[in-house]
Amino acid sequence: MTYSLQTPSLLTNTSPMTSPVTSSLTCGELLVQWLEYYGVETVFGIPGVHTVELYRGLPNTDIRHVTPRHEQGAGFMADGYYRASGKVGVCFIITGPGMTNIMTSMAQALADSIPMLVISSVNKVQHTGSGEGHLHELHDQQGMVSKVALMSKTIWQPESLPKVIAEAFALFNGARPGPVHIQLPIDVITADASHVGKPPKLSNPKNNQADYHRLVQPKVTRPLPHPAQLDLIVETLKAAKNPVLLYGGGCVDVNHDAQKLAELIDAPTFLTINAKGLLPPAHALSLGSNQSLAAARAAIAEADVVLAIGTELGETDYDVFFNGKFKINGTLIRIDCDAQQLQRPFRADIALLSDAQMAISGLCERLESQPLNHQALARVATAKQALIEEMTADFAGQNALLQLIRDEVEGVIFVGDSTQPVYSGNLGFEALATRRWFNSSTGFGTLGYGLPAAIGAMIGSKAPVISLIGDGGIQFTIAELICAAELELPLIVLLWNNQGYGEIRRYMEEGGLPLIGVNIKTPNFEPLAAGFGAGYRRITAKQQLLDALKEDIIGTKPVIYEVDEADEFLTEMGKTFRCFS
């Protein structure tokens, strides 16, 4: 996949790449210049014979290269990198198997609207799609990848490079984001690009580079709200008796106006998993991320007006038990930057195509002089009490563990896989700010995300990061642990051990199914961690966890904290857990 059968001495004549570069600037070198111009700081990739020429120009930029151990890990790292930092993650991926490997990561990013730029090689122009059995050849690589990308384009000649890169970043900044794929034939990567347009240079070297980029890059923004539609929404909210507000991941970068709008409308407010932290944990109007629980569903079903902003209203946020009981019976107002999403899966009665921040600011301006009184506090308090009564001991113990870490480690980011503490935390955990809680149980719902995405998050944010992953899920991408060790990242991997695929095992038990394929052999993680250059702790007590965090969070290597789901200390912690705090 990333090696050649030729000896190094023969590569210049017979490798899949072209003959030695003699031009003053290759297309591959120009590519990294344009990436740097658009603010790219990190590239995740595994060099291979088809992509080595993408690396020729990297030393002449400030772009950092990170080497994962699998292309799926590269994609998950880029995903976590963006979610934690707001900066686009870029991947350099080899033709063929490299692209099939990263497609799962791209599908997760597409489902969760995460921008990701995947740059790959493809066979030489004359060989692309030939079916002649060339190294790494696919029948139609672009066609295949286009199914998990907003856009997949081939740069057939160097002249197209600046335009295609600009198009990618226009999609990231001006529409509902997602992964974009750009592929270059290997003979185009090495082609002379000295005549092609270069990124603008600083006219004054003393200028701040970031400010310069903001000044000279083409301005691409999401749609602004139509004033008449904002007026209509305000009038509808005025006439409402018991409205409800739903915030989604599209609001992750909205400022304090999100809290202000909830207070001006005086409405019970829900946050999707990717919107956690938009309101303070104990806010009197917040019902957290409990849309799938009975008491919360009742509040939404009884609402005469539902205002949904930046949320696709998908089942992994609103129907996590997959019973089809989530209902919207009142007038539905939707605000989204994606026109299609405005009418799926629930049809909007009033639809506003707009950037979330601008729409929320516009509504606040209109309501500031006439705040509404819907007597929401009493309804929220009643719903909160009902939600607390639904809480189980397991739910309380897992959330108490998460809350303890949140309060002990300042600025901590939780990056989760599909595992039980994540499912519980998706409902009961309260983040202190946005971009501090995300996981792969939303949308595509892949396993193996939690470890590599946490690495990407730590690189992008430079904040302390906790990876929440199960003993089954970590086996999908455990090789990335050595990448964290190589980078000397003090990543804490909170490994939830239920001896196999515990959640699927419960589904089978409840359905009266034979337990086949779920009671898998679990590794001995202590020597495994040592082999990867990581630390290991078996956590069995609250104070032990606190002491370990103080030491390890400022260390120079990743550490696995193994927790058994049946440990009694979790039950004891759960007895003191308080929701909405």
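Is Asn 497 buried or exposed?

1. Asn 497 is buried, because its relative accessible area is 3%, which falls under the 20% cut-off. The model is a predicted one, and this value should be read accordingly. Asn 497 belongs to strand E15.

2. Setting aside residues up to four places away in sequence, Asn 497 touches Asp 471, Thr 522, Phe 525, Glu 562, Val 563, Asp 564 and Glu 565. For Val 563, the separation from Asn 497 is 66 residues in sequence, yet the C-alpha to C-alpha distance is 6.0 Å.

3. Strand E15 (492–497) also takes part in the packing of helix H16 (residues 420–428), whose buried residues pack against E15 as well as H15, strand E12 (413–416), strand E13 (437–439), strand E14 (465–470) and helix H20 (502–510). H16 is mostly covered, with eight of its nine residues buried. These are Gln 420, Pro 421, Val 422, Ser 424, Gly 425, Asn 426, Leu 427 and Gly 428.

4. The largest nonpolar core has 90 residues, and the members touching the most others are Leu 246, Tyr 247, Leu 261, Leu 307, Ile 309, Phe 414 and Ile 466. Helix H15 (residues 393–408) is the element that gives the most to this core, contributing seven residues. As general background, nonpolar side chains in soluble globular proteins tend to be buried together.

5. Helix H2 (residues 27–37) and helix H6 (residues 161–174) have axes that come within 10 Å and cross at roughly 35°, and the crossing of H2 past H6 is right-handed. On the H2 side, the contact is made by Cys 27, Leu 30, Leu 31, Trp 34 and Leu 35; on the H6 side, by Leu 161, Pro 162 and Ile 165. Classified by type, the contact contains eight nonpolar residues, no polar residues and no charged residues.

6. H6 itself has 14 residues and reaches 20 Å from its first C-alpha to its last, close to the 20 Å expected at 1.5 Å a residue. Leu 161, Pro 162, Val 164, Ile 165, Ala 168, Phe 169, Phe 172 and Gly 174 are its buried residues. Besides H2, the buried residues of H6 pack against strand E4 (116–122), strand E5 (151–154) and strand E6 (179–185).

Notes
Residues numbered from 1 in each chain as written. Predicted model: local features only at pLDDT ≥ 70, side-chain atom pairs only at ≥ 80, totals over all residues. Heavy atoms only, no water. Core = buried A, V, L, I, M, F, W, Y, C linked by side-chain atoms within 4.5 Å. Buried < 20%, exposed > 50% of the residue type's maximum accessible area, 1.4 Å probe, protein only. Helix = DSSP H or I, 4+ residues; strand = E, 2+ residues; numbered from the N terminus. Axes fitted to C-alpha atoms, helices over the stretch in contact; angles between N-to-C directions. Left-handed = near helix turned anticlockwise from the far one by under 90°. Contact = heavy atoms within 4.5 Å. Nonpolar A, V, L, I, M, F, W, Y, C, P; charged D, E, K, R; others polar. Expected span 1.5 Å × (residues − 1).
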